[in-house]
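Hi,

Here is the structure I promised to pass on. Have it open while you read, and my notes follow below.

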Amino acid sequence: MRLGLKQLEAMGVLDIRQGDGIYVKDYVRNAGLDFLSLLLSNQEEEQLMVIVDEYFIDEIWDFWTAVFPEILKMAAHRISARDGQELAQLIKEELECLDDRQRIIELEEAQHNLVVEVAGNMIFLLLANSARPLRRKIIEVFVDTVDRDTFRQFVEAKATLLKAYADGSLTSSMVAADKYRDILRLMRHSFKAILARRGELITGPRKPDV
Amino acid sequence: MANRQVHEKVVRVIMRDIFTNKLKPGTKMPAAKELSKLINIDLSSLRIALKQLEAMNVLAIKQGDGIYVKDYLQHAGIDFLRLLFDQEADDGKGVVLDECLIDEMFEYWITIFPEMMKLAATRFTLRDLKTLMNLVDEELESIPDRQKIVDIEDRQQHLVAEVCHNTIFLLLSNSSRPMRRKMIEMFISNISDDSLRRFIEAKKILIMDFANGSITDAREAAEQYREILTANRQLVRKIMFQNEVRLAKEDDREILAVGETLAGQG
């Protein structure tokens, strides 16, 4: 118990005052991103469904749509032909595995990881580690929500973008990153539209905290 | 009962040794009892420290096997850096900052912050803009007080994160606070009062142009700010390499570096 409390204190969510007591801190003001990472990694599926509601999923999309294309832009300046080939191979494999949910998720993660490695910035490497459970979650939710054809279209859009950048039809990394951002936005929009049609998207106030 | 300060010191030293590669990935550390004797720390404090490092994903504690150092680049999160930079802020020694890390910090911030600004620009209220403007005015009045400037810059950056209304960006802002503060310190400690004034006034003009509608496109405003940050980065780079600013700090000798101790064991 003591070890657990010390870890929560180190994460900035508890305040242990000797001779006084243990106080809960405002995690939004004090915790770092690894708090979320740990939260998502360590929950049972049932509990995860309570924490990870559609609003939280949308926040993750918001964050990833803002950040990942910029990392992509950085990687585009540093990418080698071999890196490009490796990325193309991962996307090709994705198209061949459209019915294998687990493999799709692994391949999507592998693509993100490759881009972050190619970007060559240690801070983004650590950020990608922190964000791993978050990005995995949006990939899972997306794959589970859209139909096979829709998913195939998104993968093909990535393949087309990569090919255009590799063969020089698209020379600007900024334009390439913006096009990828458009893909992410469309993915997010598709996900929300499907949930709305199913009546699963709550448009009212956020569910109360458990 | 474990001494709180002691276990934190142990965490800091081991973290630093992992970061500086004194403790390489794959290194098997001595068992906890042996380690506590080696570095002269009570076992209870050491266990807390080791568990904390395990939670941070920089150590793997395998029951019946041993304690192994993990590759922090593959496994640690951004809060690993937060703690490292917190050390630097607290005691001014212990983190080895080199030109590469500083430049990476700038690159990271130049990439992320304008995107946060774009998001915030779609969600701000006039009151948020007023708060931001007041902070910039306070900055202009505080130019000789560089420590206050660092605090105000930090508050401005965090305000943008708050206006984003996105939990992830908020937590990321918390994670990156010590690093951002270090970057701000590096920048403002190497420029004249006039240059600092010009930088703050450039921000003020950008905010005013956005507030009065001269700039309507949030993307344009954010990209202009990205250019300002890029210029700051270039300035710091130039100073670092031209003046050969010494950034490496002396190791904390209060507790002998664990990496050195293990190396001494052969």
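Before the numbers, one term: I call two residues in contact when their C-beta atoms, placed from the backbone, lie within 7 Å. With that in hand, residues 24 or more positions apart account for 66% of the contacts in chain A with a separation of 6 or more. In chain B, 72% of the contacts between residues at least 6 apart in sequence join residues at least 24 apart.

Please keep in mind that this is a predicted model. For chain A the mean pLDDT is 87, and 90% of the residues reach 70 or more. The stretch to watch is residues 202–210 of chain A, where pLDDT stays under 50 and the model has four contacts beyond four places in sequence. Where pLDDT is low, the predicted coordinates should not be read in detail.

Chain A

Chain A has ten helices and two strands. Starting at the N terminus, the order of elements is α-β-β-α-α-α-α-α-α-α-α-α. The C-alpha trace spans about 65 × 40 × 25 Å along its principal axes, and 31% of the 210 residues in chain A are buried.

β1(A) (residues 14–17) and β2(A) (residues 21–24) run antiparallel, joined by four bridges. One of the pairings puts Leu14(A) with Val24(A) in β2(A). Three residues sit between the strands of this hairpin, and Gly19(A) has a positive phi near 75°.

Among the helices, have a look at α7(A). This helix covers residues 101–119, 19 residues in total, and reaches 28 Å from its first C-alpha to its last, close to the 27 Å expected at 1.5 Å a residue. Which residues of α7(A) are buried? They are Ile104(A), Leu107(A), Glu108(A), His112(A), Val115(A), Val116(A), Val118(A) and Ala119(A), so you'll find Glu108(A) and His112(A) listed with the rest. The cover over the buried residues of α7(A) includes α5 (54–78), α6 (81–96) and α8 (122–145) of chain A. After α7(A) comes Gly120(A), with a positive phi near 70°.

Chain B

Chain B has twelve helices and three strands, and 41% of its 266 residues are buried. Its domain assignment gives domain 1 (4–79 + 250–264) and domain 2 (97–242). Between the C-alpha centres of domain 1 of chain B and domain 2 of chain B there are 35 Å.

The strands of chain B form an open, antiparallel sheet of three strands in the order β1-β3-β2. β1 (28–29) and β2 (59–62) of chain B are at the edges with a single partner strand each, so one side of each has no neighbour in the sheet. β2(B) pairs with β3(B) (residues 66–69) in the antiparallel sense, over four bridges. Within that pair, Ala60(B) stands opposite Tyr68(B), and Leu59(B) has Val69(B) as its bridge partner. The hairpin of β2(B) and β3(B) has three residues between the strands, and there Gly64(B) takes a positive phi near 80°.

Beyond its neighbours within four places in sequence, Asp154(B) is in contact with Arg177(B), Arg180(B), Arg181(B) and Ile184(B). Asp154(B) and Arg180(B) are 26 residues apart in sequence, and their C-alpha atoms are 7.4 Å apart.

Where the chains meet

The interface brings 30 residues of chain B into contact with 31 residues of chain A. On the chain B side, α3 (43–55), α4 (72–75), α5 (78–91), α6 (99–121) and α9 (167–188) each supply at least two residues. By class, that side of chain B has 16 nonpolar, eight polar and six charged residues.

Cheers

Terms used
Residues are numbered from 1 along each chain as its sequence is written. Chains are lettered from A and ligands numbered from 1 in the order in which they are written. This is a predicted model: local features need pLDDT of at least 70, side-chain atom pairs count only at pLDDT 80 or more; totals for chains, interfaces and linings use all residues. Ala, Val, Leu, Ile, Met, Phe, Trp, Tyr, Cys and Pro count as nonpolar, Asp, Glu, Lys and Arg as charged, and the others, Gly among them, as polar. A residue is buried if 20 or more other C-beta atoms lie within 10 Å of its own, exposed if 12 or fewer, and partly exposed in between; C-beta atoms are placed from the backbone. pLDDT is the predictor's confidence in each residue, from 0 to 100. The expected span of a helix is 1.5 Å times one less than its number of residues. Two strands pair if DSSP finds at least two bridges between them. Domain bounds come from an automatic or database domain assignment.
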